[in-house]
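Here's a quick tour for anyone meeting this protein for the first time. Have a look at the structure, then read on.

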Amino acid sequence: MELNRRTVIAGAAAAGIAASALGTGTAQAASGGKKPVKELFGTLADGSKVYRWSLENGGTRLKVLSWGGVVQSLELPDRHGKYANVSLGFDNIADYVAKTPYFGALIGRYGNRIAKGQFTLDGKSYQVSVNDGVNSLHGGTQGFDKHIWDVEGFTSGSDVGLHLYYTSVDGEMGYPGTLKVKVTYTLNKHGDWRIDYEATTDKATVVNLTSHVYWNLAGEGSGTIENHELTIPAARYTPTDSGLIPTGELAKVSATPFDFRKTKPIGRDIRAGHVQQVQAKGYDHNWALDKGITAKPEHAATLHDPHSGRTLKIATDQPGLQFYTGNFLDGTLTGTGGHTYRQGDALCLETQHFPDSPNHANFPSTVLRPGQTYRTSTIHTFDA
């Protein structure tokens, strides 16, 4: 009989011992996480040092860089207890600076795209950094992913984690207001990874923060994710124009390749020839979650790899989920395991407000005003 990792971990915690399998590279868990470990990862051209923090709890191993809050690796056991890194990334800081397509990064000030980098707020027009053709993507040329964050490790009861801090000054990348951001990564005793985002501003602004992990539950560099099985509880999605900017429509997924309300392999309909897939080179769209904005995180997606048995469940309080199938990976990037990354070798599931919301009155608002606190949470639950 196979035991899932939560059963093993809970039993080990109750007995006050570690759950382990024979041999190296197998799962281990105890009642509390290990203290965060900090080490030098690399040095930038200007002499600034980039550190890597290692967290371990409940059978999950997480490594995070102070550069961009990047998840450099996330290791999970499979159904047999064998570990693999299930997130794409690099083994050196130079590649993150020069090449990365947002591998594992914290995204801000605005996740996803803003049409032509323009929006109007309280009657004033703003032009923000354009870095994706004529549009702005993930905060612009120097988004939050391209800065060093202040990081503090912590333990709290059986939890272990990191507090990450960054202050975006008024006018940075064209955005109004000084935005003070705090992001907390937490691993609990079950190995769940929680992200809590907080931000305040001194001027009205727009904010849409997210995490850009590229997932392959079979292990990074192992090949296509088309056999992964995905569920997204959403009856509608936001179609885009040729520049991947939402048209403003909330289209029904019914009878289209975008219907993931019942679990199906990602590859089943990825080549269906739907005009939206053709212009995006696969899936690169926002799903309007049926639950909408919620007071606490609720189910947003389930991803399963039949080969390894690994399962990822995502819960969020956000109204949207961007599902992206690594369409622009072209074999020019070499990852942590020494393998090149090609189209479809990973996928992203970014919890968010909708892309280009500042330009669509019918989309949920992303405006943050002085005196308010932006708060949102996303929880990743793992099993095998």
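## A hairpin to start with

Strands β3 (residues 37-43) and β4 (residues 49-57) pair up in the antiparallel sense, with six bridges between them. One of the residues in this pairing is Thr43, whose bridge partner in β4 is Lys49. Five residues sit between the two strands of this hairpin, and Gly47 takes a positive phi there, near 95 degrees.

The average pLDDT for the protein is 93, and 92% of the residues score at least 70.

Where does pLDDT stay under 50? That happens over residues 11-31, a stretch for which the model has 33 contacts beyond four places in sequence. Where pLDDT is low, the predicted coordinates should not be read in detail.

## An open sheet of five strands

Now to a sheet. This one is open and has five strands, in the order β21-β20-β23-β26-β29, with antiparallel pairing. β21 (251-252) and β29 (348-352) stand at the edges with a single partner strand each, so each of them has one side left without a neighbour in the sheet.

Let's zoom in on one pair. Strand β20 (residues 236-238) runs antiparallel to strand β23 (residues 284-288), and three bridges join them. Look for Tyr237 here: its bridge partner in β23 is Trp287.

## The largest pocket

The largest pocket comes to about 500 Å³ in volume. Its lining is made of 28 residues, and the ones nearest the centre are Pro101, Tyr102, Leu137, Tyr214 and Phe328. The elements α2 (93-98), β26 (320-324) and β27 (330-334) each give two or more residues to this lining.

Is Asp95 buried or exposed? With a relative accessible area of 15%, Asp95 is buried, because the cut-off for that is under 20%. Leaving aside residues up to four places away in sequence, Asp95 touches Phe90 and Thr100.

## Cavities inside

Rolling a probe the size of a water molecule over the atoms shows where empty space is left. How many cavities of 30 Å³ or more are there? The count comes to three.

The largest cavity has a volume of about 90 Å³. It is lined by 15 residues, with Ser211, Leu349, Glu350, Thr351 and His380 closest to its centre. Two or more lining residues come from each of β16 (193-201), β18 (210-212), β29 and β31 (374-383). By class, the lining of the largest cavity has eight nonpolar, six polar and one charged residues.

## The second largest cavity

Next comes the second largest cavity, at about 40 Å³. The residues lining it are Gly108, Arg109, Gly139, Gln142, Gly143, Phe144, Ser168, Glu172, Met173 and Tyr175. Sorted by class, that lining has three nonpolar, five polar and two charged residues.

Note on methods
Residues are numbered from 1 along each chain as its sequence is written. This is a predicted model: local features need pLDDT of at least 70, side-chain atom pairs count only at pLDDT 80 or more; totals for chains, interfaces and linings use all residues. Side-chain values use heavy atoms; hydrogens and water are left out. On a 1 Å grid over the protein atoms alone, a cavity is a set of points where a 1.4 Å probe fits but cannot get out, and a pocket is an open set with protein on both sides within 12 Å along at least five of seven lines; lining residues have an atom within 4 Å of a point. Grid points are joined across faces, edges and corners, and a volume is the space filled by probe spheres set on the points. Helices (H or I, at least four residues) and strands (E, at least two) are DSSP runs, numbered from the N terminus. Two strands pair if DSSP finds at least two bridges between them. pLDDT is the predictor's confidence in each residue, from 0 to 100. Contact means heavy atoms within 4.5 Å. Ala, Val, Leu, Ile, Met, Phe, Trp, Tyr, Cys and Pro count as nonpolar, Asp, Glu, Lys and Arg as charged, and the others, Gly among them, as polar. Buried means under 20% relative accessible area, exposed over 50%, partly exposed in between (1.4 Å probe, protein chains only).
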